[in-house]
Each structure stands twice: as C-alpha cells, then as structure tokens.
Amino acid sequence: MSRKKIISRIIQIVIVLFGISFLTFLLTYLAPGDPAQIMLTSSGVMPTESAVAELRERMGFNDPFFVQYFRWLTNALHGDFGTSFSLNKPVVQLLSARLWPTLKLTLFSMILMLIIAVPLGMISAVKKDTWIDNLVRGITFFGVSLPNFWVGLLLMLCFCVRIKYFPVISSGGDFKSMVLPSVTLAIAMSAKYTRQVRTAILEELSSDYVVGARARGVKEWKILWLNVFPNSLLPLITMFGLSVGSLLGGTSVVEVIFSYPGLGSLAVAAITSNDYNLIQGYVLWIALIYMVINLLVDISYNFVDPRMRLAR
C-alpha cells in the first residue's frame, strides 16, 4: 500500500469516527432515562425534582442537542470522554484499565486458535476426502455450531465446580484466570479457521506452480510450507485482523460468564446502568481500534505478497 493510499485511509477513518460519534451521541440522547437522575442515584443522593433540575442545569443537559454534542466532541478530541455516571470515574481511566486484560485474553485466544487451526486445516487439505479429512470436517462443523455461552458454562461446570482447578471468578491478573475464557473463545474460532485454512490450501494445491514443482521432483513438504502456505495467507490475514478487532471490541458474553474484568463486561455494565458517557467512550474506542487494525492488515499485505508491492 502506497503512502498516498495510507493517508487516504487515515482520512476515511477520521470521517467515519466523526459519523460514529454523532450517531452514538444521538442514540444515547434519545435513549430513555434521565442522566441527571442516574448520576444522583448512583452517588447515593435522593433524586428529588429540585436536585435533578439543578444538576441538569449545571451539567448542561438542558442545552440544545447540537450544543451538547459539540461540547462533548470538543472534550473527546482532547481525550476527555467525561465521567462515568455509575462508577463516578473518568471514562478514559475505566477503558484504559480494562483494555489490557481484554488484550491479554485476545492474544491468548488467537495463539490457541492458530496452534489448533493451522495444522488441522493443512492436514485436512493434504488428506482430502480421506477419513482424516472427514473427521476434521465433522469436528469443525460441530465446533462452529457450539455457542460460546454454552461452551463457557460447560467448561466452568467441569473445571471450576467439579474438578475445582480453575477459579470461578476470573481476576484477569493471573494466567489461570485467562485459561477457560481463552479456551471458550478459541474453540469456535478454531473450527472456523480450520475450514478456512483447508479451503485456502486446497485452492493453492490445484495451482499450476504446484504441478510444475511436483514435476521437477520438489519434495512435498517443501511445496507445502515454502510455496503453498505463504500464498494462502492473504485471506487468513484478513480474517485474523477481523477476529482480533472483534475480540478487542469486547467478548461480552464470555467475560460476563467468567466475571472477567475486560471491556466486554464493562460495556454490559454500562448498558444495564444507562451510563451514557461510558457507552459513548466505549463505542468510539472500539471503532478506532477496529479500523486501525484493518489498516494494519492492509499494510501487511505488502510484506506477505510481493505482487502487492509490484502493483503500486
């Protein structure tokens, strides 16, 4: 990707972020519930009519919509997303504290997925239409069909309640608290990626350069690892980037089940408590992370596929 295209993509990201910020603020503005009443209730103050009216005036909730939006947007551009209504802490501080646990969970889940999916997908492709291929395809079909919440509850029942090896409530700070949430996420992803790896490898194995390499007597493992696998990475990298973005966006169900202190559980808590400032900050953070990851994935194509560099 050329420098001009990178600059163009960055401009697109900025435009999209402005659109997302407007829609997010509009939806929270139209949502039911009075933020002044929520703030008073969460701070332990009786939300009387006079107290609510005074707080609304002081916080600017009585101002017109666009006045409130541009005031919030100006603060957001300076890194200030306001204070959480329910937790009475700066939104940036809450998001920053929860980002690292979610990042660790995401990386561990992706590593587990790659360890499982890449070898199984390649074996299934090489052994096409054999009993090994049929077994792998059957297992992956079953794995894709399993919902994350059911897998998480089953693992919790086995390893937390019966065996009592892992903690029921994850602290997010130690390795043992990440194992079961990571395995829960990796199971469904491994099934999906195994099928994608198989499809990508099969497409490359039918290419002319593979036939030519075999005719020249090149060993099969060299063809597979030095030619076929690198050429099949482009669609896998695209899926990998999307998966990382979605996991960083918050694996809400899994984090809630295991009480994991990540972005997903924070988002659920913000929604249930109508914490508008926290919701707005969370949505913007996740949108920015998702688009930056997609940009990095596009840039990585130049290093993976030389044809991309020649096409510039």
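Q: Is Ser84 buried or exposed?
A: Ser84 counts as buried, because its relative accessibility is 2%. Buried means under 20% relative accessible area, exposed means over 50%, and partly exposed is in between (1.4 Å probe, protein chains only).

Q: What sort of model is this?
A: This is a predicted model, where local features need pLDDT of at least 70, side-chain atom pairs count only at pLDDT 80 or more, and totals for chains, interfaces and linings use all residues. Residues are numbered from 1 along each chain as its sequence is written, and side-chain values use heavy atoms, with hydrogens and water left out.

Q: Back to Ser84. Where is Ser84 found?
A: Ser84 lies in the loop between helix H4 (65-77) and helix H5 (91-126). Helices are DSSP runs (H or I, at least four residues) and strands are too (E, at least two), numbered from the N terminus.

Q: Which residues does Ser84 touch?
A: Leaving out residues up to four places away in sequence, Ser84 touches Lys89, Val91, Leu94, Asp275 and Leu278. Contact means heavy atoms within 4.5 Å.

Q: And Ser190, where is its place?
A: Ser190 sits in helix H8 (residues 176-205). Ser190 is buried, because its relative accessible area is 5%. Not counting residues up to four places away in sequence, its contacts are Leu112, Met113, Ile116 and Ala117.

Q: How far apart are Ser190 and Asp80 in space?
A: They are 38 Å apart, C-alpha to C-alpha. In sequence, Ser190 and Asp80 are 110 residues apart.

Q: Now the whole protein. How many helices and strands?
A: The protein has 15 helices and zero strands. Its C-alpha trace spans about 85 × 60 × 30 Å along its principal axes.

Q: What share of the residues is buried?
A: Buried residues make up 42% of the 312 residues.
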